[in-house]
Amino acid sequence: MISYLLSITTILLSVIMKAPQIIRIYNQKQTGGINLTSLLLDLINLSTTTCYNYTNNYSLMAYMEYPIILFQQYLLIGIVLYYNNRLNLKVFILSVLYIGIFSAFVCKLLPSSILTILVPFGTPISLSSKCLQLYTIMKFKNADSISLTSWFISAYTNGARIYTISMDSADKIMLTNFCLNTSLSTSILLASVYYKQTSAKHIS
């Protein structure tokens with residue numbers, strides 16, 4: 001029962017995971033503490049996982065949160081690029097290239113075996129993304145644009161998966177993956193809280 005409830009809340013929270021971050025940047029009109037490379041790594045991971053599930057004809061319910069989070073990731077990257085004044089020709093060309101490659105996978109113009117090779121790299125890519133974000137916050141001592149809600153959701157959903165997997169398959173690789181992701185998401189959350197409080201003290 002607990003495992004089922006955690007799974008349901010994980011899916012529901014994934015639907016709005018990036019929304020608080022998007023709203024915060026929009027309201028502040030700046031992106032202090034946000035690492036663009038981290039966002040792009042997440043984009044690659046989400047895109048690869050979504051295409052892999054789709055091309056293998058898996059049930060949509062089994063991976064529904066991925067395309068939903070992916071759509072939010074598009075909006076998040078777009079708003080970060082906009083407020084950093086980086087919506088230029090280079091970004092347009094790279095966007096067209098990205099759309100072309102992943103559309104080719106979806107339309108099965110490129111072999112799905114390539115996705116099978118790429119999917120295992122999802123874990124190190126995801127961890128690298130979070131490490132970069134944590135590094136950026138600590139290096140610049142700036143978390144002004146970081147949404148605590150988004151990172152709380154990230155920490156919660158990853159932590160919930162530790163319990164559900166341990167109760168279900170007890171897959172050691174998956175458990176290690178979610179343990180590391182939970183630790184990094186929590187670290188980003190705590191670092192953000194600390195530097196937000198420090199910034200508030202300096203202002204006052």
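This report covers annotated spans, helices, core, aromatic pairs, cysteines and loop residues in a predicted model.

## Basis

The model is predicted: local features need pLDDT of at least 70, side-chain atom pairs count only at pLDDT 80 or more, and totals for chains, interfaces and linings use all residues. Residues are numbered from 1 along each chain as its sequence is written, and side-chain values use heavy atoms, with hydrogens and water left out.

## Annotated spans

An unreviewed UniProt entry marks residues 1-18 as "signal peptide". Its positions follow the numbering used here, feature names are shortened, and annotations may be inferred rather than shown by experiment. In the model this span is 78% helix and 0% strand. Its end C-alpha atoms lie 28 Å apart. Helices here are DSSP runs of H or I with at least four residues, strands are E runs of at least two, and both are numbered from the N terminus.

The unreviewed entry also lists "transmembrane region" for residues 66-84, 91-119 and 173-195. Residues 91-119 are 79% helix and 0% strand, with end C-alpha atoms 25 Å apart. Residues 173-195 are 100% helix and 0% strand. There the end C-alpha atoms lie 33 Å apart.

Helix 5 has 19 residues. At 1.5 Å a residue it should span 27 Å, and its end C-alpha atoms are 27 Å apart, which agrees. The expected span is 1.5 Å times one less than the number of residues. Buried residues of helix 5 include Glu65, Gln72, Gln73, Leu76 and Tyr83. Buried means under 20% relative accessible area, exposed means over 50%, and partly exposed lies in between (1.4 Å probe, protein chains only).

## Nonpolar core

The largest nonpolar core has 33 residues. Such a core is a set of buried Ala, Val, Leu, Ile, Met, Phe, Trp, Tyr and Cys residues joined through side-chain atoms within 4.5 Å. Ile25, Leu39, Leu76, Ile79, Val80 and Ile137 touch the most other members. Helix 2 (19-28), helix 3 (36-55), helix 5 (65-83), helix 6, helix 8 (122-140), helix 9 and helix 10 (172-203) each supply at least two residues. Helix 5 gives the most, with eight.

Helix 10 also holds Asn181. Asn181 counts as buried, at 3% relative accessibility. Asn181 and Ser7 are 174 residues apart along the chain, and their C-alpha atoms are separated by 17 Å.

## Aromatic contacts

The structure holds six aromatic pairs. Rings of Phe, Tyr and Trp (its six-membered ring) pair if their centres lie within 6.5 Å; planes under 30 degrees apart count as stacked, over 60 as edge-to-face and the rest as tilted. Tyr82 and Tyr83 have ring centres 5.0 Å apart and planes at 80°, so this pair is edge-to-face. Tyr98 and Phe102 have centres 4.9 Å apart and planes at 50°, so this one is tilted.

Tyr98 and Phe102 are four residues apart in helix 6 (residues 89-106), about one helical turn. Tyr98 is buried at 19% relative accessibility, and Phe102 is buried at 15%. Ring pairs link Tyr74, Tyr98, Phe102 and Phe105 into a cluster. Elsewhere, the charged end of Lys29 sits over the ring of Tyr26, 4.2 Å from its centre. That label requires NZ of Lys or CZ of Arg within 6 Å of the ring centre and within 35 degrees of the ring normal.

## Cysteines

The structure holds zero disulfides, a disulfide being a pair of cysteine sulfur atoms within 2.5 Å. For Cys107, the nearest cysteine sulfur is that of Cys51, 9.8 Å away. Cys107 is exposed at 52% relative accessibility. The sulfur of Cys179 is 15 Å from the closest cysteine sulfur, in Cys131, too far for a bond. Cys179 is partly exposed at 35%.

## Loop residues with positive phi

Asn57 is a residue other than glycine with positive phi, near 60°. Asn57 lies in the loop between helix 3 and helix 4 (60-63), and is exposed at 61% relative accessibility.

Asn85 follows helix 5 and has positive phi, near 55°. Asn85 is in the loop between helix 5 and helix 6. Asn85 is exposed, with a relative accessible area of 72%.
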